[in-house]
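Dear colleague,

I am handing over the structure below, followed by an account of what was found in it. Please read the notes alongside the coordinates.

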Amino acid sequence: MVYVQGLGWADQSVGLILTLSGAVLLIILSSSVDGQLCSTRPVHIFNFGDSNSDTGGLAAGLGFSVNPPNGRTFFRSSTGRLSDGRLIIDLLCQSLNVSLLSPYLDSLVGSNFSNGANFAVVGSSTIPKRVPFSLNIQVMQFIHFKAIAAAGSKHWINDEGFRKALYMIDIGQNDLSDSFTKDLSYVQVTERIPSVIEEIKSAVEALYDQGGRNFWIHNTGPLGCLPQKLSLVEKKDLDPYGCLSSYNAAARSFNEALLHLCNAMRSELKDAVIVYVDIYAIKYDLIANSTKYGFSTPLMACCGNGGPPYNFNVRGLCGQPGSHVCDEGSRFVSWDGIHYTEAANTIVASKILSTNYSTPRIPFDFFCCS
């Protein structure tokens, strides 16, 4: 059953916009800044994070079923990703002309760790520590992965590969979300931010001690613009674009602290390259200027239950009985109320690759073409 209707008379003009933006992204994804693919040396990427970059870790680690229509747009079947298609990390990998990252816990036939591994798992946070699959645990898993490679039992990556690899961190959203879920006040939520930042610092330092020198760190997006949050909060303090002001303010406070951390670590770890990426600015622009990008209902989930304005209901989550999905090809920012559609991820990835949102403005392919 399809709940959401198409875009009607606006389809042709919107289609032109999306065709042009897609063409630009294809150009960016198919070549580096200097116009050459990353062929100077092998590219190794290790990613740590939550559902925003989980390429199948939840399914591999816990056997959790991620049902269709997840994966329908690009993969044509569910791959454990919470999206209709590719995630941002998939698109970034493709920009380097390398294969998509396999989940660290995936031992099934076809798993390939020759270009790195993905430790991200749905629901992960930084605190509490030492619980599956906190950032602390993900780093410990990496150290185990590296030890196996060093022992020679697996010929995935050598010492130089680990040293020159890119270490990506995309986490923190669940720390903020869980705090609000526990009915903590805005002040109480922000008081927990230093503890989250300290865990990210500890993770970077642990990876640095393991030889890592290249770090790519995403801040968190506008939490208050997620249909899930908007549907669950009774007393809504909305901004001009319909997002929860307090939730977004907490996200900005977290991002400010994360930027300060990155600047400080850049001074402390003299031989490390640490790039901070402002995902919040990219995603909020996508909401605030949705029509410019071809999206008509930026605060409504494509796949869910409940109808307008948010189409999110915990009793009809995407892929579960009672859920409905929009027509394939419809233009939505949100896929399931929490995660983005491939169409939205494609725009976010293109803006990341532009370097306009990076501090310092180092291109993503710098780590394989330098």
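Which cysteine forms a disulfide with C303, and how far apart are the two sulfur atoms? The partner is C318, and the sulfur atoms of the pair lie 2.1 Å apart. Please keep in mind throughout that this is a predicted model.

Disulfides

The structure holds 3 disulfides, and the link of C303 and C318 is right-handed, with 90 degrees about the S-S bond. Since C303 belongs to strand β6 while C318 lies in the loop between β6 and β7, the pair ties together parts that are 15 residues apart in sequence. C303 is buried, and C318 is buried as well.

Another of the disulfides joins C302 and C326, with sulfur atoms 2.0 Å apart, and this link is left-handed, at -85 degrees about the S-S bond. C302 lies in the loop between α12 (290–293) and β6, and C326 in the loop between β7 and α13 (342–353), so parts that are 24 residues apart in sequence are tied together by the pair. C302 has a relative accessible area of 2% and is therefore buried; C326, at 2% relative accessibility, also counts as buried.

C225 and C243 likewise form a disulfide, in which the sulfur atoms are 2.1 Å apart, and with 105 degrees about the S-S bond this link is right-handed. The pair ties together parts that are 18 residues apart in sequence, because C225 is found in the loop between β4 and α9 (227–232) and C243 in the loop between α9 and α10. Both C225 and C243 are buried.

Aromatic rings

A search of the whole structure finds 22 aromatic pairs. In one of them, the rings of F180 and Y247 have their centres 3.9 Å apart and their planes at 10 degrees, so the pair counts as stacked. This pair links distant parts of the chain, as F180 is in helix α6 (residues 173–181) and Y247 in helix α10 (residues 245–268), 67 residues apart. F180 counts as buried at 9% relative accessibility, and Y247 is buried with a relative accessible area of 10%.

The rings of W216 and F367 also pair, and they are edge-to-face because their planes stand at 90 degrees, with the centres 6.1 Å apart. Here too the pair links distant parts of the chain, with W216 in strand β4 (residues 214–218) and F367 in helix α14 (residues 366–369), 151 residues apart. W216 counts as buried at 0% relative accessibility, and F367 is buried with a relative accessible area of 5%.

Ring pairs also link F46, F48, Y104, F113, F119, F142, F145, F162, Y167 and F215 into a cluster. One member of this cluster, F162, has the charged end of K146 sitting over its ring, 5.7 Å from the ring centre. K283 lies over the face of Y340, at 4.4 Å from the ring centre.

Surface

What makes up the nonpolar surface patch of about 260 Å²? The residues are L232, V314 and L317. L317 is placed in the loop between β6 (303–304) and β7 (324–325), which is also the loop that holds C318.

Kind regards

Technical notes
Residues numbered from 1 in each chain as written. Predicted model: local features only at pLDDT ≥ 70, side-chain atom pairs only at ≥ 80, totals over all residues. Heavy atoms only, no water. Patch = residues over 30% accessible without salt bridge, like charges linked within 9 Å, V, L, I, M, F, W, Y side chains within 5 Å. Areas by Shrake-Rupley, 256 points an atom, 1.4 Å probe, with all protein chains shown as cover. Salt bridge = Lys/Arg side-chain N within 4 Å of Asp/Glu carboxyl O. Helix = DSSP H or I, 4+ residues; strand = E, 2+ residues; numbered from the N terminus. Phe/Tyr/Trp six-rings, centres within 6.5 Å; stacked < 30°, edge-to-face > 60°. Buried < 20%, exposed > 50% of the residue type's maximum accessible area, 1.4 Å probe, protein only. Lys NZ or Arg CZ within 6 Å of the ring centre and 35° of its normal. Disulfide = S-S within 2.5 Å.
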